Amino acid sequence: MTRPNTYRSGPDERGHFGIYGGRFVAETLMPLILEVEKAYREARADPAFEGAIREQLKQYVGRPNPLYYAERLTEKLGGAKIYFKREELNHTGAHKINNCIGQILLARRMGKKRIIAETGAGQHGVATATVCALFDMPCVIYMGETDIARQQPNVFRMKLLGAEVVPVTSGARTLKDAMNEALRDWVTNVADTYYLIGTAAGPHPYPAMVRDFQSVIGDEVRVQMQELEGRLPDSLVACVGGGSNAIGLFHPFLDDPSVQMVAVEAAGHGIEKGPLAHAASITGGRPGVLHGNRTYLLQDEDGQILEGHSISAGLDYPGVGPEHSWLHDIGRVEYVSATDQETLDAFQLCARTEGIIPALESAHALAEIVKRAPKLPKDHLMVLCLSGRGDKDIFSVAQHLGVKL
Amino acid sequence: MSALNDKAVDNGRIARRFAALKAEGRAGLVTFITAGDPDLETCRAVLHGLPAAGADLIELGLPFSDPMADGPAIQAASLRALHAGTTARKTLDLVRGFRATDADTPVILMGYYNPIHAYGVDRFLADAIEAGVDGLIVVDLPPEEDEELCIPALKAGVNFIRLATPTTDDKRLPTVLQNTSGFVYYVSIAGITGAASADNAAVGAAVERLKRHTDLPVAVGFGIKTPEQAADVARVADAAVVGSAIVTRLAGGLDAQGKARPGLAEDVLGFVRELAGGVRGARV
């Protein structure tokens, strides 16, 4: 495969990252997808739009959040110098809000009157409900019944914020089914509704747009690392479900050849146990077409989509953002995986060592750091995207540890 | 997107059927069932009985795990079919078996792209032609993705029937119609299958609008549930498509375990006969 001059120019005008991406949607939605694309292109060219986002991120979200030197964890692992990018300190407790601020400002610009979204763990649902409250827009969140059962605190948060949470009972009742249901709503309410997709996946322009809104993560890391260490980081580690926090951290560094990037998928009970036991689309899937884009998917021989498994509801999605599929194929980013057990261990280690309870999603990335850092020299600067806080997960973790709350 | 110059000649079954309907001075009835719903045997009985019950064209759903443009009735049908072990290959087997008994009724496969993508586009097209498939409707392949399957299908001689919708405005319509063949399927409402019905005047106006842009026959579907509604559509369009209502009738013939009760196929075909009566009597 030939090496491109830059890794940062994608997608092309038809939304392709190499062979991935595209616009695989029903005709009813196609005119709307084109409208979103045009509106986003115009908004990006408008300094007032950029200014409004920057203002909200500063005053409402609380950015920039710290690039924190995790000294005790560094000592404990005895190798690389570990920094946490503290996305969990954002308002609403995860990176998801970065994207929601950008998209709701776009929806308002487009004159849309109603917001819909899908959610898995509930973090994107909470972030969406939050910005809808802030901008006084009606909000409907689709969430699988299975996820509703395991993420009660977030369901209540969304309701407190004034959102309507619609339980989805089709399929395995998790994130992919919630996305199907959101698409069904959108196709029915095309005129006034904006679909606020939560990850860097879906039809063009969503993968590129969500990446752009999340790139504030990597942009800040670049500046902060320069201030702290006077140079670029050596490696970046992030978890990947759909992949929005990872692409947001990675994208600003893709053309810095000295920066290594590692994305961690959810291996669930173990990749070797077969496609129903994990949610690692790249490590354990193959390319296909779902939810508007071509990308790596968990699917059977007949092209039927499989229900992935992960301890983390936020990674429990059978696909991944198309830019990740491309970055994997060209070898710019390394894709690895962490099991439920490795994740639980890292979750507890982080809580006890650093006094930070991480989201189970982010704990997958921590599990990789635990494996990787000890083998690296002490001057190796490693950045972990601590994408979310773990308060929402204490009930599931307690259950896995056999503790009754 | 460019116009296709080297389109292969298809078997002509769809064109012949619409020509015959025109000669009879009536609209056609297009019936949708999902392949392998509720099981292959029962589906075969329904499929083989459709022409005699009055179906002029047959849409056979290629089941998919994530039918995001479909309402609850067809979602459930798709899941029943998958649980019964239906695959793309078995769907083509159903068509092949049907073709052995009926050489004239067009069969159109309707579904989503991923099962075809997984099968391999070229292999799928070759096998579909061999089985006797006349056309494809693939919901998640808009004109923007024509190179994926539409153009290969047209080159191979398989019709690619496009959906036009209320959101497809006059500016976009030529894009949608450019590589469409066989007929145009007008989705009469912005929504999912089996939802609300459009009003007659709006459907009539939409068909007129389409006719200004194309000489292809126009079939209208989504939300047609009764023989009366089918008759209303038959007065203004070249064909009426009924899907969710037939699938719902079929689901009514299942026992608590989801197995077909005796007489299910006859009951479904009886309903098709009523729909055909509506369509055939519409312009009298």
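User: Is A:Lys96 buried or exposed?
Analyst: This is a predicted model, where local features need pLDDT of at least 70, side-chain atom pairs count only at pLDDT 80 or more, and totals for chains, interfaces and linings use all residues. Residues are numbered from 1 along each chain as its sequence is written, while chains are lettered from A and ligands numbered from 1 in the order in which they are written. A residue is buried if 20 or more other C-beta atoms, placed from the backbone, lie within 10 Å of its own, exposed if 12 or fewer, and partly exposed in between. A:Lys96 has 32 C-beta neighbours inside 10 Å, so the residue counts as buried.

User: Which modified residue does UniProt list for A:Lys96?
Analyst: The entry is unreviewed. UniProt positions follow the numbering used here, feature names are shortened, and annotations may be inferred rather than shown by experiment.

User: Which helix of chain A holds A:Lys96?
Analyst: Helices (H or I, at least four residues) and strands (E, at least two) are DSSP runs, numbered from the N terminus. The run in question spans residues 96-109. That is helix 4.

User: Which element gives the largest share of the side of chain A that touches chain B?
Analyst: Two residues are in contact if their C-beta atoms, placed from the backbone, lie within 7 Å. On that basis, 28 residues of chain A are in contact with 34 residues of chain B. Elements giving two or more residues to the chain A side include strand 2 (20-24) and helix 8 (175-188). The largest share, six residues, comes from helix 8 of chain A.

User: How far apart are the C-alpha centres of domain 1 and domain 2 of chain A?
Analyst: Domain bounds come from an automatic or database domain assignment. Domain 1 of chain A covers 16-57 + 95-210, and domain 2 covers 62-93 + 215-400. Their C-alpha centres lie apart by 22 Å.

User: Which element gives the most to the side of domain 1 of chain A that touches domain 2 of chain A?
Analyst: Here 39 residues of domain 1 of chain A are in contact with 41 residues of domain 2 of chain A. The top contribution is five residues, from strand 2 of chain A.

User: Where does B:Asp70 lie, a residue that UniProt lists under "active site"?
Analyst: The unreviewed entry lists B:Glu59 and B:Asp70. B:Asp70 is buried because 27 other C-beta atoms lie within 10 Å. B:Asp70 lies in the loop between strand 2 and helix 3 (72-83) of chain B.
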